[in-house]
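Hi,

Here is the structure I promised to pass on. My notes on what turned up follow below it.

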Amino acid sequence: MGRTIAQKIIASHLLSGDMTPGSEIALRIDQTLTQDATGTMAYLALENIGIPRVKTELSLAYIDHNTLQCGFENADDHRYIQSVARKYGVRFSRPGNGICHQVHLERFGKPGKTLIGSDSHTPTAGGLGMLAMGAGGMDVAVAMGGGAYYISMPKMYKVNLTGKLSPWVTAKDVSLEILRILSVKGGVGAIIEWGGEGIKTLSVPERATITNMGAELGATTSIFPSDEITHAFLKAQGREKDFIPLASDPDAEYDKVIDINLSQLQPLVACPHSPDNVATAKEKEQVAVSQVCIGSCTNSSLRDMLRVAAILKGKRIADTVSLSISPGSRQVLSMLASCGALTDLIAAGARILECACGPCIGMGFSPASAGVSVRTFNRCFEGRSGTRDAQVYLASPEVAAATALTGFITDPRSLGIYPEVTLPDEFVIDDSGVLMPATADEAVSLSVERGPNIKPFPKGEALPDAIRLPVSLKVGDNITTDHVMPAGAKVLPYRSNIPKMAEFCFGVCDEAFPARAMKMGRSCVLGGVNYGQGSSREHAALAPLHLGVRLVIAKSFARIHAANLINAGILPVTLENPEDYDALTQGDVLCLNHIHAGLEKGRIEATIEGTGKTVPFSCALTQRQIGILKAGGLLNYTREAGV
C-alpha cells in the first residue's frame, strides 16, 4: 500500500512507535518556533530541563503577540526571550519583523521537514509541504532539548479540489467551506491532505491560508504537496535550494475523502461565535458593520494586501467604519510601500498597524460595545476580540474590503470586475530583523535577563492514588482555551506570571471561579464536547494548576489541550456514560480511589459524596503519559528520565 505525504514524512522522522492510527508515535523534530505569548513559559521550561544548547536544526523565537507595551511587562518578556534565545542557540525575530507563521513561511519553512510551534496555527507551514504541528510550550522545550515529540498516529483525510475559484472567491472561502462540512471538531485525530487538480490553481500563500485554518477543524495538521507551485514560491524567496518534490503515492489510502469543486464556491462568512457557523456573504448583507480588520497569520500575505489595495484604490471607506490593516511581515510592508499600494490603503482611510498579530489576539483595536467587526482572522470566539459583547464575523480580504467600503457585510461580486494582481518573481530579502544567537563558546559567559513580572515555572505534584475533589466549575460544549485563559491587552502581559494570570482564569464563564477554586484547595472542572479547542496556550492548563485543579472531566477533548493538561500534571478523563454529565453539578464532591491501577486499566471510578452514585471515567493513556502524571508533569518526568 502506498503512503500519503504525511505518512512519508512521519516514516522518515519516526523514532519509536507504530504507525497504526491511534498508536503513540515519537517523532524527531527538525524545527521549532515560539511566539512571545507562549515563549516565556517555553524557555522557562527549557531552562528547567537543564540543556545548555538547543539540538534542533533550527529554532526561532518570534515576537508578534504581546507587542503593545503599555507597561514594563511585555518589554521585560521580550528582553528575557532575546537573552535566553541568544544564550541557548535560538534565532530571535524582533518585534515588528512580522507574524511568526508568515515569516516562517517566507524565510524558513522547508518541504519534508518537521516543525512544532507553541502556537496552534503552526500548521500554516503545511502550505509548502512541511509536517507542521501546534504544541504546548513544554513539548516545544523538550524538542529543543533534543527530545522526541509524541502524538497519537493520526488518521488520514483527503480533500480533493477540482475546478478553479471564480473571481472574488478565495482560499478563505475554501477554509470556511471545509469548516461548514466538518465542523470545529471534524478534524480531531486526523491529518488533512489537500490534493486534486484544483490545487494547481492555488499559490503557496493561498495554500497557507487553508492549512492555517485547519487548526479550527481540530486537525493534527494540514498539508499540501510540494510541487512546481512550491518551487516557484521558494525561488522567489531566494530559497530554491530548500525545495524538494513531495507527493502522495497513487495508491495511498485515506480514512475519509471529501470532494470540493472550487468553481461552485461563493464568498462566505463565519458568523459569531464559531468558525464553523458559516453563511454566504450575500445572506448577511443587511448586517451593519462598524469595524473591519485585515491581516493575521491567515490573510496577511503580499498577495492578500495587494488585492485589498487594488479594491480600495481611489475609493474611501464608509464613514461608519474603522479599518485596520496589519501586514504579515516586514517584507510584505516594505514591498507594499515600494510599489505604492501602501499609499492607496492610507488614502482610502485605513489605519496601518504594525506587522504583528494585533487585533486577532485581542491586543488592541477591540470593537465598540456590541459592535460588529468583520475580520480576516481565523477565530471569532466570544470575547476574543477584547470586547465581551462584540459580534465578530470571519471573511476573506475581498469580503472585508468590500464591507469597509459599504458599511455592511457585502458580497464583493457586487463591486464588478475583479482586479488583477501580479506577484513579483523575486521578493525583497532582508533578514536583518532576525538576530543570530551567540556561539556555544560565547554563550557560556552570557546571563539571562529577567524582569520582576517573570515568575518561576509552576511546579506540578505527583498524582496521588486517592483524592477527594469538589467540582469547582461546570461548563458546556466547545469550551475554548480563550474561555479558560482569556487573551487581550489586559491579560497577555502576565503570560510569564502564572499567579497573576490565574486571577483571570475562566473569567468569560464565571468571574468568581479563581477565588472559589483557591478556597477549595484542590478541585476538578467538568466540561462537555471538544473541551479546550482553539489556541495551544498551555496557560489554559498552568493557570488551573495554580488554582488547585487536579482533574478535568469532559465528554471529549481537543488534542493539544489534553496534552497540555497531562504535561502540567492534571489528569484529563472522559465520561464513560455521557449522560452522567447531567448527573454532576458544580459543588458535588468526587472521591477517586485506586487511581494508579485505574490508569493502567484505562478506567477510573469516582463516587459522588453524599449520594454514593458511581461515575466511571475513561482514561486511555500511554505508559509515557501515565509516567508524566505520576511524576507531576512533563518537566519532572523529563528531568527524571532525561530527554
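Let me begin with the second largest pocket, which holds about 610 Å³ of space. A pocket here is an open set of points on a 1 Å grid over the protein atoms alone, where a 1.4 Å probe fits, with protein on both sides within 12 Å along at least five of seven lines; lining residues have an atom within 4 Å of a point. This is a predicted model, with pLDDT of at least 70 needed for local features and 80 or more for side-chain atom pairs, while totals for chains, interfaces and linings use all residues. Numbering runs from 1 along each chain as its sequence is written, and side-chain values use heavy atoms, without hydrogens and water.

Lining that second largest pocket are 26 residues, with Thr201, Ser203, Glu206, Arg303 and Leu423 nearest its centre. Helix 8 gives the most to this lining, five residues (helices are DSSP runs of H or I, at least four residues, and strands are runs of E, at least two, numbered from the N terminus).

The largest pocket has about 940 Å³ of space. Ser152, Arg559, Ala562, Ala620 and Gln625 are the closest to its centre, out of 36 lining residues. Here helix 18 gives the most, again with five residues.

Helix 18 also turns up around helix 17: it is among the elements covering that helix's buried residues, as is strand 23 (549-554). Seven of the eight residues of helix 17 (539-546) are buried, so the rest of the structure largely encloses it (buried means under 20% relative accessible area, 1.4 Å probe, protein chains only). Just after helix 17, Gly548 has a positive phi of about 95°.

Cheers

How values were computed
Buried < 20%, exposed > 50% of the residue type's maximum accessible area, 1.4 Å probe, protein only. Contact = heavy atoms within 4.5 Å. Points joined across faces, edges and corners; volume = space filled by probe spheres on them.
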